[in-house]
Amino acid sequence: LLQLLAGFSDVGPNTKPYAMLHLDIVEAIHLLAFDLLGRSDPYVQVYVNDELRCQNRDDKVIMSLHPTWNLNVSVAIHSP
């Protein structure tokens, strides 16, 4: 779980973005094991102000505590 608390709030879904936040999500290291075999199936979630803005369960890495994604994500920011 990647959680971004950027300190921005959105005005509405139809409002022109103030800015775009571009993220390169490369990898995670030393994740906690959550299954009985001592592994995890991690995936990426991006939150801005406690709102889920991007979720990528299709690219979850099976049975890994050190996953690599190499994702490029862009999130619209509607307020400075």
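Modeller: Let's start with M63, which lies in the loop between β3 and β4; strands here are DSSP runs (E, at least two residues), numbered from the N terminus. The model is predicted, so local features need pLDDT of at least 70 and side-chain atom pairs 80 or more, while totals for chains, interfaces and linings use all residues. Numbering runs from 1 along each chain as its sequence is written, and side-chain values use heavy atoms, leaving out hydrogens and water.

Biologist: Is M63 buried, exposed or partly exposed?

Modeller: Partly exposed, with a relative accessible area of 39%; buried means under 20%, exposed over 50%, partly exposed in between (1.4 Å probe, protein chains only). M63 also has a positive phi of about 50 degrees, though it is not a glycine.

Biologist: And why does S64 count as buried?

Modeller: Because its relative accessibility is 13%.

Biologist: What does S64 touch?

Modeller: R39, S40 and P42, leaving aside residues up to four places away in sequence; contact means heavy atoms within 4.5 Å.

Biologist: Switching topic, how covered is β2?

Modeller: Mostly: five of the five residues in β2 (44-48) are buried. V44, V46 and V48 point one way, Q45 and Y47 the other.

Biologist: How many bridges join β2 to β3?

Modeller: Five, and the two strands run antiparallel; strands pair if DSSP finds at least two bridges between them. V46 stands opposite C54 in β3.

Terms used. Helix = DSSP H or I, 4+ residues; strand = E, 2+ residues; numbered from the N terminus.
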